[in-house]
Protein chains: 2
Amino acid sequence: MRGEAHGLLRRGLEGVRGLSALQLPAAQTSSHRGVQARPRRERQADARPGRERLQGRGGVSRGQGVTPAAPEPEALSPDELRDAWPALSAEERAEGLKLLPRDTAEDLFFSISPREQVELILALPQAEQRSWVRGLAPDDAADLVQEAPTEFRDRLLGMLDDQTRREVQALLAYREDHAGGLMNPRFARLRPDMTVDEAVTYLRRQTRQSVEMTYYAYVLDSSQRLLGVVSFRELIAARGDRRVSELMKTDVRTVDADADQEVVARLFRETGLMAIPVVDAEKRMKGVVTVDDIVEVVSEEATEDIQKLGGSESLGEPYLTIALNRMIRKRAGWLAALFLGEMLTATAMGYFEHEIDRAVVLALFVPLIISSGGNSGSQATSLVIRAMALGELRLRDWFRVIRREFGAGLALGSILGAIGLTRILLWQAFFNTYGEHYLLVGLTVASSLIGVVTFGTLAGSLLPFLLRRLGFDPASASAPFVATLVDVTGLIIYFTTASAILRGTLL
Amino acid sequence: MRGEAHGLLRRGLEGVRGLSALQLPAAQTSSHRGVQARPRRERQADARPGRERLQGRGGVSRGQGVTPAAPEPEALSPDELRDAWPALSAEERAEGLKLLPRDTAEDLFFSISPREQVELILALPQAEQRSWVRGLAPDDAADLVQEAPTEFRDRLLGMLDDQTRREVQALLAYREDHAGGLMNPRFARLRPDMTVDEAVTYLRRQTRQSVEMTYYAYVLDSSQRLLGVVSFRELIAARGDRRVSELMKTDVRTVDADADQEVVARLFRETGLMAIPVVDAEKRMKGVVTVDDIVEVVSEEATEDIQKLGGSESLGEPYLTIALNRMIRKRAGWLAALFLGEMLTATAMGYFEHEIDRAVVLALFVPLIISSGGNSGSQATSLVIRAMALGELRLRDWFRVIRREFGAGLALGSILGAIGLTRILLWQAFFNTYGEHYLLVGLTVASSLIGVVTFGTLAGSLLPFLLRRLGFDPASASAPFVATLVDVTGLIIYFTTASAILRGTLL
C-alpha cells in the first residue's frame with residue numbers, strides 16, 4: 001500500500017519534471033549543516049514550544065554532532081515534495097506527507113497556506129486529522145477554521161483542546177484582515193511589582209505554555225490594562241533585585257483590535273518594531289502582532305493591488321493552484337465590464353464616421369493616439385495607487401496631485417507630440433504618405449497627443465482618489481479601467497481637434 | 001532667530017493645511033500612554049543601545065509614573081511636523097527638527113529614508129552634522145553614505161568613530177539590495193563550550209556594545225564559522241550549568257552575503273524566522289538580517305513592480321517628494337518607447353487603408369478590438385509577474401502557464417465575442433446601423449475578439465518569462481508594453497479575419 005502510493009507520487013513527480021524545459025539557476029540560499037530543509041523550524045521550536053508539547057514529543061534542543069540521518073536511497077526528500085507541491089492533488093499531498101519523517105512533515109504542513117492545510121486535512125483519514133490540527137498555534141488554528149467549509153468548522157473546533165478552542169473562538173470574532181485576526185492571544189505577561197529575578201522565573205514557567213515569546217514581555221495591571229513593555233535583553237542585562245516597573249518603558253505604541261491590517265503594516269514599517277500589542281476599546285491587552293506575520297500581510301496586500309491594477313479581481317490563491325474556471329470567473333467580470341465601456345468607442349467612432357469617410361488618413365492614427373492616453377493614464381494610476389497604499393498620499397493631497405500631474409501630462413504630451421510630428425514629416429518627405437495637407441494632419445496629431453496624454457495623466461491620477469472617496473478600493477482604478485476611460489475621451493478629443501484644424505481642407 | 005524660523009515653518013504648515021479640502025478619517029492607531037509619537041523608539045532603545053551611548057546619554061529605562069512633559073502652547077508637535085514633512089524643503093525640515101526635543105527629533109530622523117537623511121544633514125550647519133551621523137547604527141550609516149553625493153561621502157565617513165567606520169566600509173562593499181547590504185554586522189556571539197550562566201554574562205557585556213540583539217545568539221567557532229543558534233528564550237529557560245553546545249540547534253538556515261534581497265525576503269516568508277544569519281563563501285558569519293528590515297524590502301520590491309507594471313521606471317523616491325523633472329524623465333522613457341512601438345499601428349492601419357476605405361464600418365470596431373486584447377494581456381502579465389515575484393512560478397513552469405492561459409484566453413475571448421455579437425445584433429435590430437451584411441460584420445468582430453483576446457492572454461503571460469530568460473526584470477512586461485504589442489498584432493488579426501469573412505461582400 002505504502003509502496004504503491006509512493007509509486008503513484010513518483011509518477012506524479014516525473015510528470016511534473018517532464019514539463020521543465022527551462023531551468024532556473026539554483027536559489028542563492030543554502031541550508032547550513034542541514035541535509036533537510038526545515039521550514040518554520042526555528043520559529044516553532046523557539047516561539048511555540050506548545051506544538052512539540054502537544055505532539056507528545058520531548059525537548060527541542062539537539063546535541064552538537066547529532067547529524068540528521070541520511071535519507072534512504074528511494075526516500076522522498078522534502079525539497080522534492082515541496083517542488084512538486086503546486087502540481088499535486090490534496091490526496092497526493094497527503095500521501096507525500098506520510099512518506100516524510102513526522103517532524104519534517106509537520107514543518108511542511110505548518111508552512112503552507114491555511115487553505116491548503118484544510119484541503120490536506122480533509123484528504124486525510126478521520127483518525128489522523130486531529131493530531132495535525134492540534135499542532136497549530138491558536139492564531140494559525142483560527143485561520144484554518146476560517147478557511148474550512150462551514151459544515152466542517154465545528155468538527156475542526158472539536159479537535160482542539162479546551163483552552164485553545166476558547167482562544168480560537170475569541171479570535172474568530174475578529175475579521176481575518178484586522179489586527180485582532182492577526183494577533184496571537186498568548187504572549188509573555190509580567191506584573192509591575194515583580195523583581196527581575198521573579199520575572200525571569202515567571203517567564204521560564206510561561207515558556208512551558210506556548211506563548212508567543214519573541215522579544216518583549218508585557219506588563220499588565222490586574223484588569224489586563226497595558227502598563228509598559230520590557231525587552232528580554234533588558235531583563236537579561238538588569239540587576240536581579242530591580243523592579244519590572246523601573247525597567248519598563250511606558251510609552252508603548254499599540255494598535256486597536258479592529259484596525260485594518262494595512263494600518264498595522266504601516267505602523268510596523270514606520271516604527272521598525274518587532275511586535276506591537278493589540279488592545280480593545282478599554283485598552284485591555286488582547287494579544288500581540290509580530291513583525292514576521294506582517295511580512296506576509298505586506299506581501300498579500302501588494303499581490304492584491306498588483307492583480308487589481310492589472311484589471312482582474314484579486315485571485316486570493318496561488319496562480320498555479322487556483323482552479324481554471326475560478327480564475328476565469330475572477331478575470332471575466334472586469335474584462336466584460338471594460339468591454340461594455342469600450343463599446344462607447346464604437347459609438348464615438350460611429351459619431352465621427354462621416355469625418356473618417358472623408359479623410360481615412362484620420363483613422364490611421366486612432367490606435368496610436370488613444371493608446372498613448374491609456375499608457376500615460378496607466379503610469380499615473382499605478383504611481384498614485386502605490387503611493388496611497390504606502391500612506392504617502394492621503395485624500396487631502398488630491399489638489400497637489402492634480403498640479404503635479406497637470407505639469408507632468410503637459411510635458412509628456414509635448415514629448416510624444418514632437419515625436420509624432422517628426423514621424424509624419426519624415427514619412428511625408430520619404431514616401432509622400434499623407435498628401436498635400438500633411439502639415440495640418442501633423443498638427444492635428446501633435447495637439448491631440450498633448451490633449452490626450454494630459455487628460456490620461458489627470459484621469460489616471462484622480463480616479464484612485466475618487467474611488468477611495470466613494471469608499472471603494474483605489475486599486476480598482478486599474479490600468480485597463482483608466483485606458484478604457486481615456487480611449488473614449490481620447491477619440492472625442494482627437495476628432496474635435498481634427499474638425500477644428502482640418503475644416504475647409506480635408507474635412 | 002528661533003522664533004523667526006518657527007514662524008516660517010508655521011506658515012509652511014498653514015499652507016499645507018490650506019490645501020486639504022478632503023479629510024481622511026483618523027488612522028486607527030493610538031499611542032498608548034504617550035503624548036508624543038515615538039517612531040522607532042522601542043527598537044533603538046532595545047536593539048541598538050549604542051545610539052544612546054554614542055549620544056552620551058544615560059540609561060534608556062523610564063520609571064513608571066514619569067509622564068512626558070506637556071508640550072508648551074506654541075510648541076510644534078512631532079505629529080504636526082511629520083504630517084507636513086513631505087511638503088517641506090530640507091531647510092524647513094532642519095528648522096523643524098531644531099524645535100523638537102533632541103530625543104524626539106532623533107526618533108524622527110531615524111525613521112526617515114536614507115535619502116532624506118542625507119538632504120537633512122546637508123542642510124544643517126557643519127558643526128551639527130556629526131552628532132546626527134554618529135547616532136546611526138552601522139547598516140543605517142552605510143545606507144546614508146551610499147545615498148550621499150560622491151564628493152560628500154568621505155566627509156560622512158570621517159564623522160564616524162573608528163570601529164563603526166570600518167564596519168560601514170565593509171558593508172559598502174556589498175550591494176545595497178543584497179543580503180550583505182541588508183545585514184547588521186553586530187550580532188550576539190557565543191562560543192559552544194560556554195555554560196548557560198557564562199553565556200548570559202557574556203551577552204550582558206555585549207549589550208553594552210550596540211549589537212543587533214533581537215532574539216537569537218549565534219554560536220561561532222574560532223574561525224567565525226557558524227556552528228549553531230540558540231534563542232534567548234532557551235537561554236532563559238535552561239539550567240545554568242548546561243553547555244551552549246547542548247542547547248543550540250545546528251541545522252540553521254543561512255543566506256549568502258551576495259544573495260538578492262528578493263531571495264532573502266522569500267526565505268523569511270517561507271520560514272517565518274525572526275532573523276537569518278548571513279555567511280560568506282567560506283561559511284564564516286558576517287552579520288544578521290532581521291525580519292523588520294524585510295518588511296521594508298518586501299514593500300519596496302512591490303513598489304518597484306507596481307510602478308514598472310504601470311509602464312514607468314521605478315521612481316526610487318516617494319511620489320510627493322520626487323522632483324517633478326526627475327519624475328517626468330522616469331516616465332518619458334518608456335512612454336516614448338511605447339509610442340514608437342505603437343507607431344506600427346499607423347503602419348498596419350495604412351496597410352489596410354484600402355479595406356477601411358471600402359468598409360468604414362470596420363474602422364468603428366478597431367479601438368474596441370485592440371483594447372480588449374490589451375486588457376486581457378494586462379491581466380495575464382500582472383498575474384504572472386506577481387506569481388514570479390512570490391516564487392510561485394519559475395522559468396520551467398512556462399509550458400504549464402501556456403496551457404492555462406490558452407484555455408483562459410479562449411474562454412474569455414468567447415465571452416467577449418458573444419457580448420460583441422449580441423451588441424451588433426441589437427443595434428442592427430433597433431437602428432439598422434450596419435447595413436445588409438451585419439451578420440458577417442458581427443461574425444468578423446466575434447471571431448476577431450476570440451483571436452485577439454487569446455493572443456493577448458498568451459503574449460501577456462509569456463512576455464515576463466521571455467524577459468526573465470533574457471536576464472531582464474519580468475516586471476518590465478508592463479501593462480502598456482503588452483497592450484502595445486497586442487495592438488499591432490490585434491490589428492493584423494482583425495483585418496485578416498475581415499478579409500477572409502467579408503471578401504466578395506463588403507470587401
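Here is a walk through some helices, strands and salt bridges of this structure.

Keep in mind that this is a predicted model, where local features need pLDDT of at least 70, side-chain atom pairs count only at pLDDT 80 or more, and totals for chains, interfaces and linings use all residues. Residues are numbered from 1 along each chain as its sequence is written, chains are lettered from A and ligands numbered from 1 in the order in which they are written, and side-chain values use heavy atoms, with hydrogens and water left out.

Let's start with helix 18 of chain A, residues 324-351 (helices are DSSP runs of H or I with at least four residues, strands are runs of E with at least two, and both are numbered from the N terminus). Its 28 residues reach 40 Å from first C-alpha to last, close to the 40 Å expected (that is 1.5 Å times one less than the number of residues). Still, helix 18 of chain A has a kink of about 30°, centred on A:A332 (the bend is the angle between axes fitted to the seven residues ending at a residue and the seven starting there).

A:R331 and B:E405 meet through their side chains in a salt bridge, 2.9 Å from N to O (a side-chain nitrogen of Lys or Arg within 4 Å of a carboxyl oxygen of Asp or Glu). Because A:R331 sits in helix 18 of chain A and B:E405 in helix 22 (residues 398-431) of chain B, the pair joins two chains. Both A:R331 and B:E405 are buried (under 20% relative accessible area; exposed is over 50%, partly exposed in between, with a 1.4 Å probe and protein chains only). Over all chains, the structure holds 30 salt bridges. Another of them links B:R326 to B:E317, with the closest N and O atoms 2.7 Å apart. Here B:R326 is partly exposed at 30%, whereas B:E317 is buried at 11%.

Now for the strands. In chain A, three of them form an open, mixed sheet in the order 2-3-4 (strands pair if DSSP finds at least two bridges between them). Strands 2 and 4 of chain A stand at the edges with a single partner each, so one side of each lacks a neighbour in the sheet. Strand 2 of chain A runs parallel to strand 3 of chain A, joined by two bridges, and A:R189 stands opposite A:Y218.

Over in chain B, strands 3 and 4 pair in the antiparallel sense over five bridges. B:L220 stands opposite B:L226, and in the five residues between the strands, B:Q224 takes a positive phi near 65°. Strand 4 of chain B is mostly covered, with six of its six residues buried.
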